Amino acid sequence: MAGQPTNAYLVGERELLIVDPGSEPGVELIQQALAARGDLPVRAIVLTHAHPDHAQAAVPLKRLLGVPLLLHPGNRPILGKSLTWDEVDQELADGMVLEIDGGRLEAVLTPGHAPGHIALFEPSSGTLLAGDLVSGNGTVGIFPPHGSMVEYLASLARARALGVGLFLPGHGPAIQEGAARLDEYIAHRLNREREVYERIAREPATIEAIVIDLYPDVLPQFRRAAGATVLAHLQKLQAEGRVRPEEEAEPFTTRWRATGAGETA
């Protein structure tokens, strides 16, 4: 997705969990990695969420290995052709404990980037298998209708409260000093929210106009993603009663305005 390779993880020493096997090429790559580990027994395949760059290899691998596939049911709205709910063998749930090699991974519900997004926390080391909660390559996209900025900020705060020291993200290198990175993420999102609000407080504007002002250097292929992120911020501000669309139209074409005294969003 967006040209970024996806990180797949093999967790365990004597037995393994496969976390986020990736897109279609992940089938062969995971098989090679398992062979290099001596073909240890695989307990299950766990998906942080169902976006294809994380999940497309899951069904072929589960059939090859004869192991169960675990996913949170909140992902139903984003399932694609490569993964139907019938292929899911066990529902992940917030607080569920997955035991492996005498250790434990705790499922932490962290929606925002995707509904039903799950991160896996190893409490003794303070390590979080983070999926797309964070990225080693920068920020994470929040794209409505299935992405929610309200939920994403709450998920960042929840991870902050866990005391995560090390993030193993779905994209990019591992992230040390987890608390500091979360603070950066939260500050970045709140600053962008402020910029969006101040832009339309000056005068009503379409999302396209806001993108031109706030993302002047965005490449053409990422312009739609930038617009979706602006929409996510506008939806949060609308839920707080601070902005509203001027008409009930397609959100990318209508103008958005700040609500004045006595107005409702």
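Colleague: Hi! Quick one to start: is lysine 62 buried or exposed?

Modeller: Lysine 62 counts as buried, at 12% relative accessibility. Buried means under 20% relative accessible area, exposed over 50%, and partly exposed in between, with a 1.4 Å probe and protein chains only. Keep in mind that this is a predicted model, where local features need pLDDT of at least 70 and side-chain atom pairs count only at pLDDT 80 or more, while totals for chains, interfaces and linings use all residues. Residues are numbered from 1 along each chain as its sequence is written, and side-chain values use heavy atoms, with hydrogens and water left out.

Colleague: Thanks! Which side chain does lysine 62 meet in a salt bridge at 3.6 Å?

Modeller: That is glutamate 87, at 3.6 Å from N to O. A salt bridge here is a side-chain nitrogen of Lys or Arg within 4 Å of a carboxyl oxygen of Asp or Glu. Lysine 62 sits in helix H3 (residues 58-65) and glutamate 87 in the loop between strand E4 (69-71) and strand E5 (90-91), so the pair ties together parts 25 residues apart in sequence. Helices (H or I, at least four residues) and strands (E, at least two) are DSSP runs, numbered from the N terminus.

Colleague: And what about aspartate 89 and lysine 62?

Modeller: Their side chains also meet in a salt bridge, at 2.9 Å from N to O. Aspartate 89 is partly exposed, with a relative accessible area of 43%.

Colleague: How many salt bridges does the structure hold?

Modeller: There are 19. Another one joins arginine 199 and glutamate 203, at 4.0 Å from N to O. Salt bridges that share partners also link Lys62, Arg63, Glu87 and Asp89 into one network.

Colleague: New topic, the sheet. What is the strand order?

Modeller: The open sheet of six strands runs E6-E7-E8-E9-E10-E11, with mixed pairing. Two strands pair if DSSP finds at least two bridges between them. E6 and strand E11 (175-176) are at the edges with a single partner strand each, so one side of each has no neighbour in the sheet.

Colleague: In what sense do E6 and E7 pair?

Modeller: Antiparallel, over four bridges. Valine 97 is opposite glutamate 106 in E7. In the hairpin, with two residues between the strands, aspartate 101 takes a positive phi near 55°.

Colleague: Which residues of E6 are on the covered face?

Modeller: Leu98 and Ile100, while Val97 and Glu99 are on the uncovered one.

Colleague: And E9 with E10, parallel or antiparallel?

Modeller: Strand E9 (residues 127-131) and strand E10 (residues 166-169) pair in the parallel sense over four bridges. Leucine 129 has leucine 168 in E10 as its bridge partner.
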